[in-house]
Amino acid sequence: MPFFESPPPPSDPPRQRPPKPRWLGPPDGVIGQVTPVQAVLVCSESMIIVADRFVCYPSGFEFHLALRTSRPFHGPPMPLGGPQVVRAGSTRGDTGDALRFGIAFADGRKATNLGPRPFGPGCGVGAAATAASGRQQGQAPPEPEAPLLTAHGGSGSDGRWDQSCWVWGLPPEGPMGVVVEWPAEGIEETRVDIDSALLREAASRAEIVWES
């Protein structure tokens, strides 16, 4: 007699999951390749901001954004649209006190955490739900231009914040800039260039298990 008893068969057939737009995150059927790229954007007596853990795919790359401070945040970080800090008197839609983060391609294209949302300008929960409903009905949402920066899975407490970011689109030849600015914390616009060839080379080694 088997140790685990088989569950009863489902009464309803499983619902088919609608396909995820390819610009929203890494493809499910691809094993990305890591590249030893690290951009130390801020390193002071009271704050550290680092972009690292770059994993590359044929359609783009994801990375980890780490923020550390020696003092607590003035408010809760906001993962949607990038790590943001809400200060006294500000509102959720106010970006004046936000940590501004972005990447710059050598051909002049750029993407930031304050830019358009993946489903279009002004996208919120309702707009995302509308787009998901459209996918269920077989209507593909319009494909945005690359690059597109999307933040996923932010978490933290007090003086630390960790954010997973996805950039749809690989950088062209030339240096790729990683840029940060935080006026509320006295951090002026700071750019660190990385060798984009490392990202493209890692993407070329990604293992495609199945087509998404």
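Partly exposed, as used in these legends, means a relative accessible area between the 20% mark, under which a residue is buried, and the 50% mark, over which a residue is exposed. E143, at 47%, is therefore partly exposed. Keep in mind that the model is a predicted one.

**View 1. The whole protein, before zooming in.**
Here we have two helices and 14 strands. The chain runs to 212 residues, and 42% of them count as buried. Take the contacts with a separation of 6 or more: residues 24 or more positions apart account for 62% of those.

**View 2. E143 and R22 meet in a salt bridge.**
This pair is one of eight salt bridges that turn up in a search of the whole structure. The N to O distance between the two side chains is 3.3 Å. E143 sits in the loop between α1 (125-136) and β10 (148-157), while R22 belongs to the segment before β1 (30-31), so the contact ties together parts that are 121 residues apart in sequence. E143 is partly exposed, with a relative accessible area of 47%, and for R22 the relative accessible area is 47% too, so R22 is also partly exposed.

**View 3. R68, R160 and D162 make up a salt-bridge network.**
Start with R68 and D162, whose closest N and O atoms are 3.0 Å apart. R68 comes from strand β5 (residues 60-69) and D162 from strand β11 (residues 160-168), which makes this a link between distant parts of the chain, 94 residues apart. D162 also meets the side chain of R160 in a salt bridge, at 3.8 Å from N to O. R68 counts as partly exposed at 24%, and R160 counts as partly exposed at 39%.

**View 4. An open sheet of four strands.**
Read across, the order is β9-β8-β12-β13, and the pairing is antiparallel. The edge positions go to β9 (110-112) and β13; each has a single partner strand, so one side of each has no neighbour in the sheet. Neighbouring strands here are turned by 15° against each other on average, direction ignored. As a reminder, strands of a sheet pair through backbone hydrogen bonds.

**View 5. The β12-β13 hairpin, with α2 lying across it.**
Strand β12 (residues 175-182) and strand β13 (residues 187-195) run antiparallel and are joined by seven bridges. To get your bearings along the pair, look for G177 opposite D193 and V180 opposite T190. Four residues separate the two strands of the hairpin, and in the turn G186 has a positive phi of about 75°. Helix α2 (residues 196-204) lies across both strands, and its angle to β13 is about 55°.

**View 6. A nonpolar patch on the surface.**
Which residues form this patch? They are I31, V209 and W210, and together they have about 310 Å² of accessible area. V209 lies in the segment after β14 (207-208). With a relative accessible area of 48%, V209 is partly exposed.

Terms used
Residues are numbered from 1 along each chain as its sequence is written. This is a predicted model: local features need pLDDT of at least 70, side-chain atom pairs count only at pLDDT 80 or more; totals for chains, interfaces and linings use all residues. Side-chain values use heavy atoms; hydrogens and water are left out. Patches are made of residues with over 30% relative accessible area and no salt bridge: like charges are joined within 9 Å, nonpolar side chains (Val, Leu, Ile, Met, Phe, Trp, Tyr) within 5 Å. Accessible areas come from the Shrake-Rupley method with a 1.4 Å probe; for residues, only the protein chains shown count as cover. A salt bridge is a side-chain nitrogen of Lys or Arg within 4 Å of a carboxyl oxygen of Asp or Glu. Buried means under 20% relative accessible area, exposed over 50%, partly exposed in between (1.4 Å probe, protein chains only). Contact means heavy atoms within 4.5 Å. Two strands pair if DSSP finds at least two bridges between them. Axes are lines fitted to C-alpha atoms, for helices over the stretch in contact, and angles run from 0 to 180 degrees between N-to-C directions.
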